[in-house]
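Open the model in your viewer and keep the selection tool at hand.

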Amino acid sequence: MIDQIYMDKSTLKDVMEKYSIEKRFKFLVERSNSISYTLVCQSKECPWLMKASSINKSKMFRIRVLNSKHTCPLKDVVHSDCRATSGLIGGIIAPKLRNHKRKYTPNDIRDDVRLDLGIDINYMLAWRAKEKALESIMGQPAASYGKLPGYLYTLDKTYPGSHIRMKKMPENEFLYVFIASHAFIKGFDHCRPIVVVDASHLKSTYTGAFVSANTLDGAGNILPLAYRVIDSENDASWTWFFEQFKEAYGERENMCVVSDRHNSIIKAVSIVYNNIQHYACIWHLWANVCKNFRKANEQLSEVFYTMAKTYTQTDFDKLMKRVEQFDVRVKNYLELVGYEKWARLYAPVPRGWVMTSNIAECINSTLVAARELPIFDFLEQVRLMFARWNCTNRKNASCTFTLLGKKFQEMIVLNESKSGRKHTTHSNRRCTDTK
């Protein structure tokens, strides 16, 4: 309408483009520069007109003239081939992409545009519209790395006592980032010294890998210890990770690391920690066995997992004989890996219930959608997820402690009533005992 104000010319152009699609007509740009924008109807005889100009040569534009009546033929209005640009569609679908967990494919965009605007678009236009919408929400992927220094500084000030480090290349380009919150560091003091590490690939424009170190608390919940983003899984990146982990958490008695049998992890643990045992995830180990010896999958799967978790030498030997009778090559392979790496019976250091790297895999599966985000948004999603987990676990632990306290008091009252004594307060009992 007349006197309507827009914050800039590009916004006005998007609005007019959507307006032409809804009204099913085409316009021509008669004048377009930094201070004016004039549109006319495609039909020369039609008086439709829109004139807008900047306000005092600023970025804001005001509509000065608008004649919304059409006199052009019906076929020009109804049957015109209206086309939408990727920028216009991106602006329309942007609110639907703010939740990164939502699966919104280009085919979904095509269906929504057909319903909302009544036009058909091809797959590539829908894909470009989605990319522009994501860029408008999150910015350029490269700019996300420029936010990291300020973000890490804010984390360090918000969570004092944390261990937060970033390493750059000589060209001042990003290489690694390591984050261990103060809450994680303090929580590890009350857990068994079992650390489970695993990595998963990032799917953003600039690929990399996300690495997390985790353990189980006393209630069996996952306690994240540290997480980081690296360029790739190699000897240098894993060595740097365990160096930072050792600086943050130190070295505890009977400490061990559980992971898959990645050579870089095994090498890094032996370099950084001289006296710490590295155990193999039995699920990954058995996957390697099935890959090398295909017949072992169905016949020996249950036998292997039982053998890995057994506590007695007799049971272990019986199960190993069954493996040898079925395929001696499987026995030789497991022996070559080393019984102490996967069998609970031979473990020099107790590994408790942690026979696999499932707790790290759970984190990776939870972050499937977030791994497509730029690095700044991804790290923030990780921080928020871990904060929610810690808050929930703390509340559950507090409620459990309160319930146990009430049960304990009820037991005291019940025992005293059975013994024929009246229930008295602690102070009265103390006075009675003193008399």
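Start with methionine 124, in helix H5, residues 123-138. Helices (H or I, at least four residues) and strands (E, at least two) are DSSP runs, numbered from the N terminus. This is a predicted model: local features need pLDDT of at least 70, side-chain atom pairs count only at pLDDT 80 or more, and totals for chains, interfaces and linings use all residues. Residues are numbered from 1 along each chain as its sequence is written, and side-chain values use heavy atoms, leaving out hydrogens and water.

Methionine 124 is partly exposed, at 45% relative accessible area. Buried means under 20%, exposed over 50%, partly exposed in between (1.4 Å probe, protein chains only).

Next, the cysteines. How many disulfides does a search of the whole structure find? It finds 0, counting cysteine sulfur pairs within 2.5 Å. Select cysteine 41: the nearest cysteine sulfur, in cysteine 46, is 3.8 Å away. Cysteine 41 is buried, at 6% relative accessibility. Cysteine 281 is buried too, at 1%. Its sulfur is 11 Å from the closest cysteine sulfur, in cysteine 362, so it is too far for a bond.

Finish at strands E6 (163-168) and E7 (174-180), antiparallel and joined by 6 bridges. Pairing takes at least two DSSP bridges. Select arginine 165; its partner in E7 is phenylalanine 178. Between the strands lie 5 residues, where asparagine 172 takes a positive phi near 65°.
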